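Thanks for coming. I will go through one structure today, starting with what surrounds one of its ligands.

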Amino acid sequence: MTDVLVIGAGPAGAFAAHRAADLGARTTLVAREEFGGMAANDGPVPVRTLAHAARLLREARQLGRYGIATDEFRLDYPRLLDRVDEVVHDIRTHSALRSRIDGLGVKVHEHAGTTRFVDPHTVETDRGLRLQAEKIILCTGGVSRPLIVPGAELTHTHSDAWTLREVPPSMLVIGGGATGLQVASVFTAFGSRVQLFETGPRILASEDADVSAVVAEAFREHGMVVRDKLDTVRSFEKTPDGVRMHFVRNGTPDSAEAALAVVAIGWSADTTGLNLPAAGVETDERGFVRVDAYQRTSVPHVFAAGDVTGRLMLVPQAAQAGFVAATNAVRGPQLPLWDQISPIGSFTDPEYAGVGLTETKARQEHDVIVATIRLDAAARPIIDGRTTGFCKLIVDRTTHQILGCHVVGERAVETTQLAAVAMTAHMRVQDLARIPLSFPTYAAIVGRAAYVIVRRLGLDADRSPYEPPC
Ligand SMILES: Cc1cc2nc3c(=O)[nH]c(=O)nc-3n(C[C@H](O)[C@H](O)[C@H](O)COP(=O)(O)OP(=O)(O)OC[C@H]3O[C@@H](n4cnc5c(N)ncnc54)[C@H](O)[C@@H]3O)c2cc1C
Ligand SMILES: NC(=O)c1ccc[n+]([C@@H]2O[C@H](COP(=O)([O-])OP(=O)(O)OC[C@H]3O[C@@H](n4cnc5c(N)ncnc54)[C@H](O)[C@@H]3O)[C@@H](O)[C@H]2O)c1
């Protein structure tokens, strides 16, 4: 019997186990595979490594433009996968969190196989471990949502990138969300002819509309076929060279072929192995574990955190929820998950990122003023030869609070962090405009957008008399 048992060792589980042990609880962490979960082993870390290779390729294509003579370069995909393994291994080996968890005496069972409830306080693993705990925290993450149509067994997920021997000459990517775009962008850079399909009215449907439009346009310029407003995917069939997808668009049946089809139509909770009925834990209508603000499930001694709960599915949010779940598991329900400004973004080409309200949402709720600075009007993107994209800042006309910031282009994810900090600190736009941000940087473009708004609102003209260089 242990005080706290954490199931799943991704960011949610790792932070939960650390917090519980830090508060003095005897803690056990049980992982199906390696420590680090999907985040470290199959998601952001390895996929970001592929995205870095894609970045190196696009930088290499610019070398001649900067007077650097090169012999031909080509991608050696198996060598790239070796590098992915190296990165995953290095990050795991240098994990400060893992050392602290070990230092606090958490009992970590890696490669334990799937863990399932036997009764509300007892679990068993595939490898024959039987563990009992006063409190249990479910951090089992999610899995790729399958497309349930005839021939779906011929399709793949992003995880199959690790088993490919070479870059497929062509690829269908089904799903225009963060995962689909990441796969489509990386494999386009690697030389695959990619066709991207989305049922919604536009790719990246939850992002600002201008972000979707500019990313889609850039993808098309890179040679990708982007097809949104699909009615339905009907089936897949095998062809001599790969797979054919049958679909309906605008009421008209059509088909597309490629060497490989990757499905990325969403993320579901990974609860199938847990045998939740044995503990009485309820899931919601989408299959995610239902939790309250204290990360409590429907069973008082069972908590849950991270992707398995279906909230914003990102690493920092999973880590925060794990911290909250463990705090409440050990001390009783006293720490609700706090409201937070959550920047999102992805490492496609071009990158995109956003924080706060989209322009459409902001206009519904506020009287707003918006400034958009194109990257081709700023020094750093011109220096780097990366002029695609924009930075849009959205501000409330009355309170001068920053409501949202949306960026497409080089370093968009990093640039957006600046706006997230300003929003979290409740800075007014005139405060942001006054910071002499370094020149020439991408972040300074946010400052320029702030300055444009300050001028248009007639604020602080005497204190910000010059246009900040960017
Ligand atoms: C391709 C891709 C790219 C992404 N990129 C980013 C990014 O750039 N930035 C970002 O912030 N987020 C990104 N995400 C999202 C991020 O990876 C997740 O939000 C995050 O990993 C969730 O953490 P978690 O701890 O809830 O679950 P996970 O990281 O999924 O870990 C859960 C672990 O529990 C294990 N498990 C499941 N069931 C059981 C069981 N019954 N018994 C024992 N163990 C079990 C799983 O095997 C897994 O190892 C990406 C996701 C994907 C798919
Ligand atoms: N860089 C990042 O931060 C990153 C990268 C990948 C994933 N993630 C996280 O993982 C989660 C899951 O991402 P995701 O992209 O897998 O799911 P998603 O739900 O974000 O996107 C899935 C897309 O597929 C579309 N779709 C659904 N059914 C379809 C069909 N039959 N045919 C064609 N399109 C269809 C949806 O309209 C949607 O646009 C997200 O919440 C995201 O936060 C983050």
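Three elements, α6, β11 (230-239) and β17 (344-346), each give at least two residues to the shell around ligand 2. Before I go on, this is a predicted model. Of those elements, α6 makes the largest contribution to the shell around ligand 2, with 4 residues. In total 24 residues surround ligand 2, and the closest are Gly175, Gly177, Ala178, Thr179 and Ser346. What classes of residue does the shell around ligand 2 have? There are 13 nonpolar, 10 polar and 1 charged residues in the shell around ligand 2.

Now the other ligand. Ligand 1 has 36 residues around it, and the ones that come nearest are Gly8, Gly10, Gly37, Gly141 and Gly306. The helices that each supply at least two residues of the shell around ligand 1 are α1 (11-22), α2 (37-41), α3 (44-60), α6 (178-189) and α8 (315-331). By class, the shell around ligand 1 has 16 nonpolar, 15 polar and 5 charged residues.

Next, the domains. The domain assignment gives domain 1 (2-36 + 95-142 + 268-331), domain 2 (152-265) and domain 3 (350-457). Note that domain 1 is written as several stretches of the chain, 2-36, 95-142 and 268-331.

The centres of domain 2 and domain 3, taken over C-alpha atoms, are 30 Å apart.

Residues 3-322 are 29% helix and 25% strand, with 16 Å between the end C-alpha atoms. The unreviewed entry also has a domain called "Pyridine nucleotide-disulphide oxidoreductase dimerisation" at residues 343-446. Residues 343-446 are 33% helix and 28% strand, and here the end C-alpha atoms lie 15 Å apart.

Asp307 sits in the loop between β16 (302-304) and α8. Is Asp307 buried or exposed? A residue counts as buried if 20 or more other C-beta atoms lie within 10 Å of its own. Asp307 has 32 other C-beta atoms within 10 Å, so Asp307 is buried. Leaving out residues up to four places away in sequence, Asp307 touches Gly141, Gly142, Trp267, Met313 and Ala318. One of these, Gly141, is also among the residues that come nearest to ligand 1.

The second residue is Met224, in the loop between α7 (209-221) and β10 (225-227). Met224 has 21 C-beta neighbours inside 10 Å, and therefore counts as buried. Which residues is Met224 in contact with, leaving aside its neighbours within four places in sequence? They are Ala184, Thr188, Val194, Leu196 and Phe219. Take Ala184: Met224 and Ala184 are 40 residues apart along the chain, yet their C-alpha atoms are separated by 8.1 Å.

Not counting residues up to four places away in sequence, Leu432 touches Ile402, Ala422, Met427, Gly447 and Ala450. Leu432 and Val446 are 14 residues apart in sequence, and their C-alpha atoms are 8.6 Å apart in space.

Last, the chain as a whole. The chain has 13 helices and 21 strands. Its radius of gyration is 24 Å, close to the 23 Å that the globule rule gives for 470 residues, so the chain is as compact as a globular protein of that length. Along the principal axes, the C-alpha atoms fill a box of roughly 65 × 65 × 50 Å. Buried residues make up 45% of the 470 residues. Among contacts between residues at least 6 apart in sequence, 65% join residues at least 24 apart.

That is the end of my part.

Terms used: Residues numbered from 1 in each chain as written. Chains lettered and ligands numbered in written order. Predicted model: local features only at pLDDT ≥ 70, side-chain atom pairs only at ≥ 80, totals over all residues. Near = placed C-beta within 6 Å. Nonpolar A, V, L, I, M, F, W, Y, C, P; charged D, E, K, R; others polar. Domains from an automatic or database assignment. Buried ≥ 20, exposed ≤ 12 C-beta atoms within 10 Å, placed from the backbone. Contact = placed C-beta atoms within 7 Å. Rg over C-alpha atoms; globule rule 2.2 N^0.38 Å. UniProt positions renumbered as here; feature names shortened; annotations may be inferred.
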